[in-house]
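Okay, everyone, thanks for coming. Let me put the structure up, and then we'll walk through the packing.

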Amino acid sequence: MTDMLKLNMLVLSQLTHLFLQPMLERKCGRILNVGSVVAYFSGAPNWSAYVASKHYVLALSKGLARELKGTGVMATVVSPGATGTDFVRTADATHMRAYRAPGGLSVEKIAAAAYRACQNGKVAVIPGAFNKILAFLGKLHPRAVAFEVFAVLSQKTEQP
């Protein structure tokens, strides 16, 4: 868990700090951070630390985008949902409902959407209709409803 938190928050912040100053001096540059649709939820059973780290990515990216306004440098955060990558295996998520649902976007489609959004100066992009719905549900009030939606998605299912 410590490595994941370091990667998602500390390394992200350090890399941003490292590359931001030269971009500001050139008055040109793009920062593209990888968040997650789970950042739009208030919390998540079985995924609390991961969700909190993605809240950080979303908040940092949106705040940075605002701070950079008018500098020629822009920040974008892409928030994909369940994607067929090694993350599923590494995070021991192969039995979660969210990762067993059909219709997930390919890595290529997510990358293309992220690149377009970044080049067009969008602050945040959520690729895919299903992911947009999830993000919307995550922002619903009361937050307890959104929490329960994610609780269902994060449940483990039986092995096939």
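First, a term: buried means under 20% relative accessible area, exposed over 50%, and partly exposed in between, with a 1.4 Å probe and protein chains only. This is a predicted model, so to speak of local features we need pLDDT of at least 70, side-chain atom pairs count only at pLDDT 80 or more, and totals for chains, interfaces and linings use all residues. Residues are numbered from 1 along each chain as its sequence is written, and side-chain values use heavy atoms, with hydrogens and water left out.

Let's take H6, residues 129-138; helices here are DSSP runs of H or I, at least four residues, numbered from the N terminus. Its buried residues are Asn131, Leu134, Ala135 and Gly138. On the face turned away from the buried side, you get exposed Ala129 and Phe136.

Now, why does Asn131 count as buried? Because its relative accessibility is 8%. Beyond neighbours within four places in sequence, Asn131 touches Val37, Pro80, Gly81, Ala82, Leu105 and Ile126, where contact means heavy atoms within 4.5 Å.

Leu134 and Ala135 also belong to the largest nonpolar core, twelve residues in all. By that I mean buried Ala, Val, Leu, Ile, Met, Phe, Trp, Tyr and Cys residues joined through side-chain atoms within 4.5 Å. Helix H2 (48-67) and H6 are the elements giving it two or more residues. Apart from that core lies another, of eight residues, including Ile31 and Leu64.
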